[in-house]
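This report describes the fold of one protein chain and the packing of a pair of its elements.

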Amino acid sequence: MMTVLYILLLFILLSGSAFLTLMALPGNWLILVITFLFSMQFPVTSSLYIGWGVLIAMGILATIGEVLEFFLGAASLAKGGSKRGAFWALIGSIVGSLLGAAILSVIPILGTAVGLVLGAAFGAMGGAVLGEKSLGKTQEESIRLGKVAFWGRLLGSVSKIMIAGLLVTIATLAAII
């Protein structure tokens with residue numbers, strides 16, 4: 001019975017950490033730390049012990065999530081965007097995620113999560129457009145770069161969130177098996 005409670009506790013803690021990933025916080029790294037600390041509470045012979053191989057694989061996945069989020073989010077720079085546009089896309093992303101979460105919070109849990117992700121993407125788009133326009137780029141070019149920022153932020157966030165779900169699944173299954 002205690003084993004089931006430990007696994008349930010692990011799952012709840014990891015799921016909460018995965019939710020932090022939605023808010024662009026280091027939830028994937030927190031998942032890894034919690035899994036490590038959980039595993040260290042049990043002897044190697046325990047069924048709840050999670051081995052180094054699993055922990056290293058989870059670390060690699062968390063790193064892949066960060067790399068994907070960074071490179072997809074920075075795609076507008078590679079497509080001709082400026083550092084100012086990228087800066088304002090970041091600011092817009094933060095503001096947009098907060099507004100998106102607030103607006104869609106009328107739909108419990110799922111609305112807040114979707115609002116965070118979509119709000120960040122739309123905010124990145126708006127910020128990029130404003131940043132590029134402030135440098136004198138044409139409306140057409142600014143909007144093009146804004147769209148790149150939108151898709152980069154959206155795909156970066158979704159990939160990192162998917163990896164968070166995978167990390168929760170791997171750690172939970174490792175504790176069960």
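## Basis of the description

A contact denotes heavy atoms within 4.5 Å. The model is predicted, so that local features need pLDDT of at least 70 and side-chain atom pairs count only at pLDDT 80 or more, while totals for chains, interfaces and linings use all residues. Residues are numbered from 1 along each chain as its sequence is written, and side-chain values use heavy atoms, with hydrogens and water left out.

## Overall architecture

The protein chain contains seven helices and zero strands, in the order α-α-α-α-α-α-α from the N terminus. Helices (H or I, at least four residues) and strands (E, at least two) are DSSP runs, numbered from the N terminus. The C-alpha trace spans about 65 × 35 × 15 Å along its principal axes.

Of the contacts between residues at least 6 apart in sequence, 70% join residues at least 24 apart.

## Burial and surface

Among the 177 residues, 42% count as buried, meaning under 20% relative accessible area with a 1.4 Å probe, protein chains only. The accessible surface (Shrake-Rupley method, 1.4 Å probe) comes to about 9500 Å², and 80% of this belongs to carbon and sulfur atoms.

## Packing of H1 against H7

Helix H1 (residues 2–22) and helix H7 (residues 139–176) have axes that come within 9 Å and cross at roughly 170°. H1 is therefore roughly antiparallel to H7, a term for angles over 145 degrees. These axes are lines fitted to C-alpha atoms over the stretch in contact, with angles from 0 to 180 degrees between N-to-C directions.

On the H1 side, the contact includes Ile7, Leu10, Phe11 and Leu14; on the H7 side, it includes Lys160, Ile161, Ala164 and Val168. The residues of this contact divide into twelve nonpolar, three polar and one charged. Here Ala, Val, Leu, Ile, Met, Phe, Trp, Tyr, Cys and Pro count as nonpolar, Asp, Glu, Lys and Arg as charged, and the others, Gly among them, as polar.

Note on methods:
Parallel < 35°, antiparallel > 145°, perpendicular 65-115°, else oblique. Buried < 20%, exposed > 50% of the residue type's maximum accessible area, 1.4 Å probe, protein only.
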